[in-house]
Structures are given as structure tokens and as C-alpha cells.
Amino acid sequence: MNKSELIKALADDTNIPLDDAALVVTTFFDAMKKSLLSGERIEIRGFGSFKIKEYEGYAGRNPKTGESVVVASKRLPFFRAGKELKEFINQ
């Protein structure tokens, strides 16, 4: 499911116009992005949690040439599924 399919499903399930459903979904995702950028952890009970993991830079190697390469530090989003979601999927 992508964002537009989620908007359509929300509009169909709640009988609200597509524009209103798009606003709700966009606002929800924007709020999540802002929270993650500010270092907050997001927890949605019954679904899972999101957080940012920080990875230090390191010296890597180009597999084709064997040349040493510096890999910069980075921040990546991380999702951990909640217990209820895992149980639902494994029914």
C-alpha cells in the first residue's frame, strides 16, 4: 500500500472527501517526520515504534577495486513492530 492508496482507503472507510483524507494523512506523516527529526521516539500502541539510529563513520573498502573508502556517519529511521502486530501477522 502506498500513500495514495492509504488516502483512498481512509476516504472510503470514513466517508470523507479525498482532499480531507489527503490532508489527514499528510499531516500525520509530517508530524511523525518532525518528531523524528527532533530526536523523539514515536510509539503507536498495537502497531510498533519508530526512532532514529545514529551510525558512526568507518573506513570501508570498495569491493571492485579493494580501495579504502571513508564512509560518513549517518542517521537512519528504524521501525520495530509491536507485539500485537507480530501476533496478528502470524495468526
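A salt bridge is a side-chain nitrogen of Lys or Arg within 4 Å of a carboxyl oxygen of Asp or Glu. I started with that term and looked up the pairs.

**Entry 1: ground rules.** I am reading a predicted model, in which local features need pLDDT of at least 70 and side-chain atom pairs count only at pLDDT 80 or more, while totals for chains, interfaces and linings use all residues. Residues are numbered from 1 along each chain as its sequence is written, and side-chain values use heavy atoms, with hydrogens and water left out.

**Entry 2: salt bridges.** I found that the structure holds 5 salt bridges. In one of them, lysine 33 meets aspartate 30 at 3.7 Å, N to O. I placed both residues in helix 2 (residues 18-37), where they are 3 residues apart, about one turn of the helix. Helices (H or I, at least four residues) and strands (E, at least two) are DSSP runs, numbered from the N terminus. Aspartate 30 has a relative accessible area of 33%, and I noted it as partly exposed. For that term, buried means under 20% relative accessible area, exposed over 50%, and partly exposed in between (1.4 Å probe, protein chains only).

**Entry 3: a pair across strands.** Which residue forms a salt bridge with arginine 75? I found glutamate 54, with the closest N and O atoms 4.0 Å apart. Arginine 75 lies in strand 5 (residues 74-81) and glutamate 54 in strand 2 (residues 48-55), so the pair ties together parts that are 21 residues apart in sequence. Arginine 75 is partly exposed at 46% relative accessibility, whereas glutamate 54 is exposed at 62%.

Entry 4: Between arginine 41 and glutamate 43, the closest N and O atoms are 3.0 Å apart. Glutamate 43 is partly exposed, with a relative accessible area of 40%.

**Entry 5: the largest pocket.** I read its space as about 170 Å³. A pocket is an open set of points on a 1 Å grid over the protein atoms alone, with protein on both sides within 12 Å along at least five of seven lines; lining residues have an atom within 4 Å of a point. The lining includes Phe28, Lys33, Ile44 and Phe50. Helix 2 gives the most to this lining, with 5 residues. I counted 7 nonpolar, no polar and 1 charged residue in the lining.

**Entry 6: domains.** The domain assignment gives domain 1 (1-40) and domain 2 (50-90). Their C-alpha centres lie 26 Å apart.

Note on methods
On a 1 Å grid over the protein atoms alone, a cavity is a set of points where a 1.4 Å probe fits but cannot get out, and a pocket is an open set with protein on both sides within 12 Å along at least five of seven lines; lining residues have an atom within 4 Å of a point. Grid points are joined across faces, edges and corners, and a volume is the space filled by probe spheres set on the points. Ala, Val, Leu, Ile, Met, Phe, Trp, Tyr, Cys and Pro count as nonpolar, Asp, Glu, Lys and Arg as charged, and the others, Gly among them, as polar. Domain bounds come from an automatic or database domain assignment.
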